[in-house]
Amino acid sequence: MTKQYDVVILGGGVAGGSLAHSLRRQHKTVAVVEDNLFGGTCPNRGCDPKKILLSGLEVTQLVDDMQGNGFSGKVSVNWPDLMRHKRQYTNPISSATQNGLKSDGVDTYHEHAHFNQDGLLEAGNAVLAGDKYVIATGQRPNILDIPGKQFFKTSTDFLNLDEMPADVTFVGGGYIGFELAGIAHAAGAKVHLIHHNDRPLKQFDQQLVGQAVDHLSKLGVDFHMDTDVKEITQVGDQFVLSGDDFRLPTDMVFCTAGRIPNVDTIGLENVGVKTDAHGVIVDDHLQTSNPNIFAMGDVVSTKRPKLTPVAGYEAAYLANYFNGDTDKIQFNSIPTIVFGQPSLGQVGLPSSIAADDSRYMLITNDMTAWYSYHRLNEPLAKAKVVINRDTETVVGATVLSNHADYLINIFTLMIDKQMKISDFNKEILAYPTFASDVQYLV
């Protein structure tokens, strides 16, 4: 028997759950189908647990930085205790999220779903029909297709490790590789990070990336650039990574070579939904090539950063669209950040573009000796800010420091509000704070 709904959502993550609750407030009938953990990647095995584990890096690095400046003695990460702390947060999320949907009148199906040849959605033994469908199935870790790929662990495995190995290797120098490498190093592991070319974190200002790499190298992270891993073999209790003139034994190896969209097992070919290597292709209304099917979140093919706040924003847009607001979706500036010690945040126009365009002024600041960073003896604090000469507004910023997350959000607001620098400087901000430093950065 087929059950009919106004909207059927594939994926119970941040986007899917948010949309479901919004649609219920419109008194629509809604079903959410999730084949893994309700709540999705971010709270279960992504940004939230990662930042809990990152606290080990933040605390140990701060104490190390302050040695001889009023502090003596080292602290160390107790990984099992830190993991227990993380699990106290993550373990209840899936069931709590599903129960929250149910209590709001959403029908939930904890099954793998796919579109059948009749255009209906099969979820286990259930057959669901929707006036509209929304694909919000997210992404999963990409695994390099090389001999021995079965030995790769993923970020999901790392965020649930019972014990930290003595020697760990990350293959891939993107966000995930850098963040997990920092956490593992703080937990006492010998860390190797391998990248296939000489441009890790390619989306970011490469001068600042280089300084971050140099800093992490001095701390003891072992970088291997321009290195292709071509095979993994197991030798005793270790794994040996090898390539051209390269051989590295390690206790555990993680593939951090990006993520791929979950589009290959949900029967999109049966309903005429077009995809590419980056995900489901949508228009300015998040509508797919099938007019009754929409997509949102990390599964969408886009050049925009695939981040939790973006997924939530798209869910809010679709809720309004399904309620009669037919405007095209418009995005404000999207800040991105690599969390670590230091963190690297970026928003708006990249500094590489501004440096070659006379319409813009690029201001570079070394903040390391500034009071806010001196008081914590922070070893590396830099910022690049892009100014539109005609409008005298900030249009881009990159920040490298332990507190880049604070500053990049302020710059995001300045960009989106098109706030003139002179107007920002009229604001009276609490002092001394990182926010009050902004007037000296522009």
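A search of the whole structure turns up one disulfide, where a disulfide is defined as a pair of cysteine sulfur atoms within 2.5 Å. Before I go further, please keep in mind that this is a predicted model, in which local features need pLDDT of at least 70 and side-chain atom pairs count only at pLDDT 80 or more, while totals for chains, interfaces and linings use all residues. Residues are numbered from 1 along each chain as its sequence is written, and side-chain values use heavy atoms, with hydrogens and water left out.

The disulfide links Cys 42 and Cys 47, with an S to S distance of 1.9 Å. The torsion about the S-S bond of Cys 42 and Cys 47 comes out at about -125 degrees, so the disulfide is left-handed. For accessibility I use the word buried for residues under 20% relative accessible area, exposed for those over 50%, and partly exposed for those in between, computed with a 1.4 Å probe and protein chains only. On that scale Cys 42 is buried, at a relative accessible area of 11%, whereas Cys 47 is partly exposed, at 27%.

Let me now step back to the chain as a whole. It contains 13 helices and 23 strands, both taken as DSSP runs numbered from the N terminus, with helices being H or I over at least four residues and strands being E over at least two. The radius of gyration is 23 Å, close to the 22 Å that the globule rule gives for 442 residues, so the chain is as compact as a globular protein of that length; here the radius is taken over C-alpha atoms, and the rule is 2.2 Å times the number of residues to the power 0.38. Along the principal axes, the C-alpha atoms fill a box of roughly 70 × 65 × 40 Å.

Of the 442 residues, 49% are buried. If contact means heavy atoms within 4.5 Å, then among the contacts with a separation of 6 or more, 64% are between residues 24 or more positions apart.

As for charge, the chain carries 36 positive and 51 negative side chains, and the centres of the two sets lie 3 Å apart. In that count Lys and Arg are positive and Asp and Glu negative, with His and the chain ends not counted, and each charge is placed at NZ of Lys, CZ of Arg, CG of Asp or CD of Glu.

I turn next to the backbone. Most residues other than glycine have a negative phi, and most peptide bonds are trans. Against that background, the peptide bond from Gln 341 to Pro 342 is cis, with omega near 10 degrees, and Pro 342 sits in the loop between β19 (336-338) and β20 (343-348). Another cis peptide bond joins Tyr 431 and Pro 432, with omega about -5 degrees, and Pro 432 belongs to the segment after α13 (421-424).

Asp 226 has a phi near 55 degrees and is placed in the loop between β10 (222-224) and β11 (231-235), but Asp 226 is exposed, with a relative accessible area of 54%.

Finally, consider Glu 111, which lies in the loop between β3 (107-109) and β4 (113-115) and is partly exposed at 37% relative accessibility. Which residues does Glu 111 touch, not counting those up to four places away in sequence? They are Val 33, Glu 34, Asp 35, Ala 123 and Gly 124.
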